[in-house]
Amino acid sequence: RNHILPTMEVWPEGYGWKKWFDEAETKFKARPDDLYIASFPKSGHHWSFEFVNMLYQGNAHSVNKSKLNNFFELRTIKEIEDMPSPRILLTHLPYDLMPRDIFEKNCKIIYIMRNPKDVCVSQFHHVSGIAEYKYDGDWDHFFKVFLKGEVDYGPWFKHVKDWWKLRQEYDHMMYVHYEELKKCLPAQIKRIAEFINKTHDEQMYLNIANACTFEAMKKNAQFKELPGIFKTKEGSFFRKGQVGDWKNTFTVAQNEEFDKAFKREMEDCDIQFTFD
Ligand code: A3P
């Protein structure tokens with residue numbers, strides 16, 4: 001099993017990862033006005049895609065399309081080529097698997113990060129809830145494989161550190177913390193608008209933030225994409241949307257083990273995370 005890439009082989013059908021990466025390196029042409037939203041899974045991708053689209057549209061109307069349409073590594077290279085500019089492309093790829101042309105064209109990239117304890121719990125519910133994964137491990141099992149990095153796009157530590165390091169040599173990066181989005185969404189939306197040159201008046205940032213609360217987005221039926229992918233009808237990409245929910249799942253011993261691993265893995269990295 002390849003732990004870097006999704007274990008769900010749903011898309012692109014019959015295409016295969018090898019072909020995707022070959023074509024991504026040899027045929028894919030990035031465009032200078034592309035925007036890439038990168039993140040480790042379960043860090044706020046749906047959320048960011050929603051308000052970034054609103055900034056592009058210049059209104060607070062929910063985006064009438066599935067996130068999957070814009071999912072970089074889940075579309076064929078031809079499909080990406082056929083997308084009109086400006087393209088917003090979502091990716092969970094680790095930095096070293098990104099096609100180099102993106103950096104040569106100086107494309108802007110927003111990297112969304114979330115504290116790894118909440119990511120771990122969120123990813124556990126994600127793989128347990130989606131039938132395609134055929135995952136029936138319990139929490140204790142998932143906790144161990146997450147720390148070993150044997151989860152989709154794992155390990156989390158390398159993903160975050162490699163993307164973070166890039167800021168030293170690439171000027172077109174912006175970093176956003178999930179916890180900051182939770183704390184003050186309008187200010188973060190404004191910051192992002194300035195980075196992507198899609199500024200609006202203050203009222204618009206407030207309107208967009210109001211349209212992008214967890215409750216508003218959960219209610220929005222169009223996010224019930226891929227009908228039937230969840231094992232139960234309660235399954236949803238919008239589960240709790242909280243900071244610190246990990247405390248309801250981690251045992252004291254697991255928390256200690258996680259803290260030790262975090263300290264060891266992140267000692268050469270100065271990003272600060274908010275865990276509650
Ligand atoms: P939880 O499982 O902790 O609830 P992604 O979109 O990258 O897959 O991330 C999914 C996580 O983001 C889920 O976390 C989901 O509930 C949360 N999320 C989605 N929309 C949100 C919003 N508007 N506000 C806060 N959290 C949101």
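Two exercises on a predicted model follow, each with a worked solution. Local features need pLDDT of at least 70, side-chain atom pairs count only at pLDDT 80 or more, and totals for chains, interfaces and linings use all residues. Residues are numbered from 1 along each chain as its sequence is written, and side-chain values use heavy atoms, with hydrogens and water left out.

**Exercise 1.** Determine whether Asn70 is buried or exposed, and state which backbone oxygen its side chain reaches.

*Solution.* 
- Step 1: Asn70 lies in the loop between α2 (45–57) and α3 (77–81); helices are DSSP runs of H or I with at least four residues, numbered from the N terminus.
- Step 2: Buried means under 20% relative accessible area, and exposed over 50% (1.4 Å probe, protein chains only).
- Step 3: The relative accessibility of Asn70 is 5%, so Asn70 counts as buried.
- Step 4: The backbone oxygen of Ile88 is reached by the side chain of Asn70 at 2.9 Å.

**Exercise 2.** Classify the aromatic pair of Phe124 and Trp139, and locate both residues.

*Solution.* 
- Step 1: Rings of Phe, Tyr and Trp (its six-membered ring) pair if their centres lie within 6.5 Å; planes under 30 degrees apart are stacked, over 60 edge-to-face, and the rest tilted.
- Step 2: The whole structure holds 31 aromatic pairs.
- Step 3: Phe124 belongs to helix α5 (residues 116–129) and Trp139 to helix α6 (residues 139–148), so the pair links distant parts of the chain, 15 residues apart.
- Step 4: Phe124 and Trp139 are both buried.

Terms used. Helix = DSSP H or I, 4+ residues; strand = E, 2+ residues; numbered from the N terminus. Polar contact = N/O pair within 3.5 Å; in protein donor to acceptor, adjacent residues only side chain to side chain.
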